[in-house]
Amino acid sequence: MSNEQLKIGIILGSTRQGRVSPQVGEYIKQIADERGDAAYEIVDIAEYKLPFLGEGTGEEPGLASWNTKLESLDGFVFIVQEYNHSITGALKNALDSAREAWNNKAAGIVSYGSTGGARAAEHLRGILGELLVADVRVHPTFSLFTDFENFSVFKPADLHKDNVNAMLDQVKAWSGALKTLR
């Protein structure tokens with residue numbers, strides 16, 4: 001295995017107007033960048049303008065770019081918001097819009113919602129298993145009631161930083177181990 005730094009994508013799981021996932025993603029990236037142990041980057045699925053699975057020609061530029069981006073990454077941190085007890089349709093579509101590019105990589109899940117996004121995270125775990133993505137155990141959760149001001153401005157409590165670092169430790173370790181399979 002090379003000494004090249006691992007590349008971890010922080011995937012924003014929402015595309016709707018007024019979303020707060022960019023704030024949560026930037027918080028995670030700031031903590032990750034302080035570590036200096038991997039190359040972390042925000043990956044915003046909204047930028048790829050993915051067609052719904054089965055509705056396009058399969059030749060849309062966003063699909064090729066999306067798969068190329070995923071192939072370039074060794075692991076992921078998903079920023080997941082809970083909608084109706086599950087993940088967003090946009091995230092599900094993004095997951096389904098690639099296959100092999102996900103395989104044999106690791107992922108951490110950071111979720112938020114009225115119950116910390118726990119139900120959405122559990123749905124995501126099942127999907128990731130089918131895509132051969134190994135999700136790590138540590139799972140930072142944020143409450144819309146205590147970690148957001150007016151449900152729209154992300155202001156996490158300091159206590160979350162340790163949990164985020166523990167999740168990143170696991171994502172980095174598993175991403176490195178799984179890289180040997182690819």
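In this predicted model, strand β6 (residues 141–143) runs parallel to β4, and three bridges join the two strands. Within this pairing, tyrosine 112 is the residue that stands opposite phenylalanine 142 in β6.

Strand β4 also pairs with strand β5 (residues 133–135), again in the parallel sense and over three bridges, with alanine 106 standing opposite alanine 134 in β5. To get from β4 to β5 the chain passes through helix α4 (residues 118–130), and the β-α-β crossover formed in this way is right-handed.

A further partner of β4 is strand β3 (residues 75–81), which pairs with β4 in the parallel sense over seven bridges; here glycine 75 stands opposite alanine 106. Together with helix α3 (residues 89–96), the strands β3 and β4 make a right-handed β-α-β unit.

What, then, can be said about the burial of β4 itself? Nine of the nine residues of this strand, which spans residues 105–113, are buried, so β4 is largely enclosed by the rest of the structure; buried here means under 20% relative accessible area. In a regular strand the side chains alternate between the two faces of the sheet. In β4, Lys105, Ala107, Ile109, Ser111 and Gly113 point one way, while Ala106, Gly108, Val110 and Tyr112 point the other way, and the residues of both sets are buried.

Note on methods: Residues are numbered from 1 along each chain as its sequence is written. This is a predicted model: local features need pLDDT of at least 70, side-chain atom pairs count only at pLDDT 80 or more; totals for chains, interfaces and linings use all residues. Side-chain values use heavy atoms; hydrogens and water are left out. Buried means under 20% relative accessible area, exposed over 50%, partly exposed in between (1.4 Å probe, protein chains only). Helices (H or I, at least four residues) and strands (E, at least two) are DSSP runs, numbered from the N terminus. Two strands pair if DSSP finds at least two bridges between them. A crossover is right-handed if, with the strands pointing away from the viewer, the path from the first strand over the helix to the second runs clockwise.
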